[in-house]
Amino acid sequence: MLIFSHVVLLYAKKKGKITFVSDAGHMLDQGSSINTRNGSIDRISNLPNELLYAIMSTLPALELVYTGMLSTRWRHLWTSSAYLNIDVNQFGRHRGQKFCNFVNRMLRQRGSSLLDALRLHSADTRDAGSWITYAIKRSSKVVEFSEDIDCEPFKLDYGVVDFTSICLKFLVLNNVCIDANVFYPINSSCPALENLELRDCSLEVPEISSGSLLHLDIDNCCLFEDLLISSSSLMSLCIKNPQHRAPMIMTLPCLEVAIVILDEFFHSTDDLADMDEGEEQDGEEINHGIVSGLTKARSIELIAPLREV
């Protein structure tokens with residue numbers, strides 16, 4: 001059974017030697033193979049846990065679990081790995097119930113072990129929402145979820161997915177449908193969140209207002225209602241090809257870099273001007289729009305097609 005899909009290169013600084021771990025999980029050291037059945041020393045298992053976890057952090061979930069077959073010491077070591085890279089494509093034609101059963105069993109075996117990062121690529125699997133919540137509840141700093149592009153956007157259900165976290169710093173959502181109820185904790189209950197990327201998503205969200213957010217990317221998302229971006233801490237903002245409508249942007253005092261790319265839906269600078277408007281709040285006029293909200297940025301890249309004459 002294949003344990004590693006690639007050769008892991010280790011360098012022992014003290015001895016100045018290079019050591020290879022082969023595709024079969026055996027260790028090759030300057031021409032001498034390591035074979036525990038023949039009484040040779042299993043040097044890789046003698047490495048400190050920190051280094052073993054570093055190796056594990058590079059492995060896809062399927063191969064991570066297989067490391068438990070290497071030796072007695074490795075049997076349960078993988079359950080404490082702080083990095084999970086789960087990809088439905090590893091399962092080929094068995095990407096349905098077999099994939100779902102594998103992930104549920106793997107997470108049960110991990111129990112309450114903390115996470116640093118979850119990267120999950122799924123395809124029409126209803127349990128994916130609970131897997132996201134699993135990572136959030138185990139203090140993951142990074143959560144990246146993508147639904148296969150050949151599938152309909154994955155609905156993040158309120159009551160199943162809860163983004164409330166004091167640890168979450170980096171959140172990527174790809175090909176999901178998210179409404180205001182699910183998005184609310186991202187604005188109000190993620191005090192460490194700094195990076196948010198939304199790609200190919202369907203958004204029914206009225207506002208992005210996180211007070212800690214530094215970087216926001218919205219790429220090829222369908223906006224099914226007016227969206228106001230008001231996160232005052234934003235330093236970089238990238239909006240590419242919004243569908244149905246463009247978001248409105250409050251003046252962002254910390255903004256340094258802004259990129260806005262509009263497709264043929266927006267025909268001219270006149271259309272951009274029409275989207276800039278003002279409102280009165282507490283007796284003071286507040287300007288917001290896709291152009292006026294960018295006035296504080298040091299660098300602005302604005303691309304929009306011109307109307308044909």
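**A buried proline and its surroundings**

Modeller: Happy to! P242 counts as buried because its relative accessibility is 3%; buried means under 20% relative accessible area, exposed over 50%, and partly exposed in between, using a 1.4 Å probe and protein chains only. Before going further, please keep in mind that this is a predicted model, in which local features need pLDDT of at least 70, side-chain atom pairs count only at pLDDT 80 or more, and totals for chains, interfaces and linings use all residues. Residues are numbered from 1 along each chain as its sequence is written, and side-chain values use heavy atoms, leaving out hydrogens and water.

P242 sits in the loop that links β17 (236-240) to β18 (248-250). Strands here are DSSP runs of E with at least two residues, helices are runs of H or I with at least four, and both are numbered from the N terminus. Although P242 and L262 are 20 residues apart along the chain, 6.8 Å separates their C-alpha atoms.

Burial also marks helix α4 (residues 128-137): it is largely enclosed by the rest of the structure, because eight of its 10 residues are buried. Among them are W131, I132 and Y134. Their cover includes the helix α3 (97-110) and the strands β6 (117-122), β7 (142-147) and β8 (154-155). After α4 comes S139, with a positive phi near 65°.

The whole structure has zero disulfides, a disulfide being a pair of cysteine sulfur atoms within 2.5 Å. For C222, the closest cysteine sulfur is in C221, 7.6 Å away, which is too far for a bond. C222 is partly exposed, with a relative accessible area of 21%, and C167 is partly exposed too, at 24%.

Stepping back, the protein chain contains six helices and 22 strands, and 46% of its 309 residues are buried. Of the contacts (heavy atoms within 4.5 Å) between residues at least 6 apart in sequence, 47% join residues at least 24 apart.

How far can you trust all this? pLDDT is the predictor's confidence in each residue, from 0 to 100; the protein chain averages 81, and 77% of the residues score at least 70. Two stretches call for care: pLDDT stays under 50 over residues 1-36 and also over residues 267-274. Where pLDDT is low, the predicted coordinates should not be read in detail.
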